[in-house]
Amino acid sequence: MLIPTILCGGAGSRLWPISRELYPKPFIRLADGQSLLQKSFLRGAAQPGVAELLTVTNRELFFKTQDDFREVAPKGLAQAFLLEPFGRNTAAAIAAAVLYVQERHGPEAMLLVLAADHLISDQPAFAQAVARAAVLAQEGRLVTFGIRPTAPETGYGYIEAEGERVLRFVEKPDAARARTFVDSGRHLWNSGMFCFQAGVMQEEMRRHCPEVLEAVERCLAASPRLTGATASLELLPDLFEAVPDISIDYAVMEKSGRVSVVPCDIGWSDIGSWDALTAELAGPDADGNRVVGEAVLLDVKNSFFQSEHKIVGAIGLEDVIVVDTPDALLVTSRARAQEVKGLYAELKRRRHPSFRLPNTVARPWGTYTVLEEGSRYKIKRIVVKPGASLSLQSHHHRSEHWIVVSGAARVVNGGQEMMIGPNQSTYISAGCRHRLSNPGVIDLVMIEVQSGEYLGEDDIVRFDDIYGRTPAC
């Protein structure tokens, strides 16, 4: 019995501005239209003996994750979710997954832990590596997947090994040391993927990081089980905050005497920088340039341009990366693309909204896009999926004017319920209970004009919500 377990979190800060805190790297779509998350899902679901696919993700990403899975999920595949209130590193996520799997499937069930944002191009080689890892896991080993290095990368951790025997884990090296690792033939890139029996990992966590396991046990015991089309468990913030913030490598893998490695060549990449991502988004032209969107380039070489909303003109450039989004623009040399992480950190320090959310924000009912914002007003384009409904809510500080562009809207406005169609509108006063639903079979598209002294997304009181979101003010 195999339980593919996808860890979906992180900020993907090196890939700003298309990766944000609440729209991170796993949701980036590649040239074939699939997201990195969808590829991880399909990779796990394709393995033999899959009893259930488990995803550990942030509560804020739950509905977007479900939307991505819904596009590609095979019929009848059981799914479950563990919803973290905030990131607590991989030891906490894996401990929660181990305890959940052991309770549902028993201690001998095997977890195949996959990152949501990695790319693997050789699926047959990956399947062979998983098959070998499963054999070792059945023998009571904690198995990690080691990637045979193709270059002296300084951005990866390394595993020193003799065959399948792990000698030691090595931190990210400098360039000279990375070169000696590659030349030695004894070092592998640490992929961050694992395979083990639930009971074995629980024993090793009890031995090497009991404070992590016990804190997660207390959290799971008190956290509410949610049921529906998929099973899920929402981890309580107060108890989850007590879990130590530590990686599974530090907590267990570097200490345990039961660790094995499967060396493999599977076409693996963690897509950790713009340089790595550009090759997956577009093919090069005769000058080595890659373009997503539309660009006119004169005397430009070995550069990348992404602009899906406006045409880009460039002259006399070489080895640059330009990424334009509706609310943010990135310009960097290829040589310094890794430093985008520092740019992201500075935006976060300044509390600039662009580190957290893109202009178009996914919600369980659809999306909204901020078209314009100024003092005391904000204009949004709202798309509500067929059969979907926003919560019954009110706002303290703003009023709203809704104008339907296409589709049909069912509106609760105070004590009234009405239907409005294209070119019709309604006004929602501050403090009034209201709800917007789409009873039709096509998307409802509308323009919302907000006005008031405060227009933040946290000015909302929810009275009823079909998606189970916690009422908040």
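**Exercise 1.** Which handedness does the crossing of α1 past α2 have?

*Solution.* Helix α1 passes α2 in a right-handed crossing; the near helix is turned clockwise from the far one by less than a right angle. Helices (H or I, at least four residues) and strands (E, at least two) are DSSP runs, numbered from the N terminus. This is a predicted model: local features need pLDDT of at least 70, side-chain atom pairs count only at pLDDT 80 or more, and totals for chains, interfaces and linings use all residues. Residues are numbered from 1 along each chain as its sequence is written, and side-chain values use heavy atoms, without hydrogens and water.

**Exercise 2.** Which residues make the contact of α1 with α2?

*Solution.* Take contact as heavy atoms within 4.5 Å. Helix α1 gives Leu37, Gln38, Phe41 and Leu42. Helix α2 gives Thr65, Asp68, Phe69, Glu71 and Val72. By class, this contact has 5 nonpolar, 2 polar and 2 charged residues. Here Ala, Val, Leu, Ile, Met, Phe, Trp, Tyr, Cys and Pro count as nonpolar, Asp, Glu, Lys and Arg as charged, and the others, Gly among them, as polar.

**Exercise 3.** In what order do the 6 strands of the open sheet run?

*Solution.* The order is β18-β19-β20-β27-β22-β25, with antiparallel pairing. Two strands pair if DSSP finds at least two bridges between them. The edge strands, each pairing on one side only, are β18 (360-363) and β25 (425-428).

**Exercise 4.** Over how many bridges do β19 and β20 pair?

*Solution.* Strand β19 (residues 366-374) and strand β20 (residues 377-384) pair over 8 bridges, in the antiparallel sense. Glutamate 373 stands opposite lysine 378 in β20.
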